[in-house]
Amino acid sequence: MLIAGKCHCGNIAFDLEWEGDPPEIPARACGCSFCIKHGGVWTSNPKARLAVAVGDAALVSKYAFGTRTATFHVCSRCGAVPLVTSEIANRLYAVVNVNVLENVDASWLRRAPVSFEGEDVESRLARRTRNWIADVRFVAGQNLTTPALRATPP
């Protein structure tokens, strides 16, 4: 199933190819202060494929904190955080925010709180390698499969 996602203004958009129709989507509500303040509820599937398009790269802020092993992609125009990436052993992994998904029925989401407090860096990177989306690519401009995902001006 192809799942569409984008920030509120559409500057950061993605297509997520997910197995299952309809899919069962884990939705992890992270308990860290950043995710709580930004509404970060994350999902990933190591078998999924993610294509991300950015309309105006100058309007994307990248934020890393704590261990600095993850990069939060924040739209500077609308403030949404649609995805987080982590580069591990020269490979890009990602999770996406279920709150920016466009064509997902709420009944598909399996919401649960999570806490990574006390997790050491090695364990954190190993968990991401096992669980995060491993096929991540940024595509030029608005070149996504789903026409509705193409960034629209505010």
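Residues are numbered from 1 along each chain as its sequence is written. Because the model is predicted, local features require pLDDT of at least 70 and side-chain atom pairs count only at pLDDT 80 or more, while totals for chains, interfaces and linings use all residues, and side-chain values rest on heavy atoms, with hydrogens and water left out.

The protein chain contains two helices and 11 strands, these being DSSP runs numbered from the N terminus (helices H or I, at least four residues; strands E, at least two). Read from the N terminus, the elements follow the order β-β-β-α-β-β-β-β-β-β-β-α-β. The radius of gyration of the protein chain is 14 Å, close to the 15 Å given by the globule rule for 154 residues, so the chain is as compact as a globular protein of that length; the radius is taken over C-alpha atoms, and the rule is 2.2 Å times the number of residues to the power 0.38. The C-alpha trace spans about 40 × 35 × 30 Å along its principal axes. Of the 154 residues in the protein chain, 44% are buried, where buried denotes under 20% relative accessible area, exposed over 50%, and partly exposed the range in between (1.4 Å probe, protein chains only). Among contacts in the protein chain with a separation of 6 or more, 67% join residues 24 or more positions apart, a contact being heavy atoms within 4.5 Å.

A pocket is here an open set of points on a 1 Å grid over the protein atoms alone, where a 1.4 Å probe fits and protein lies on both sides within 12 Å along at least five of seven lines; lining residues have an atom within 4 Å of a point. The lining comprises 23 residues, of which Cys30, Cys32, Phe116, Arg124 and Arg128 lie nearest the centre of the pocket. Strand S3 (25-30) and helix H2 (121-131) each supply at least two lining residues, and H2 gives the most, with three.

Alanine 89 has a positive phi of about 50° although it is not a glycine, and at 75% relative accessibility it counts as exposed. Asparagine 90, likewise not a glycine, has a positive phi of about 65° and is exposed, with a relative accessible area of 75%.
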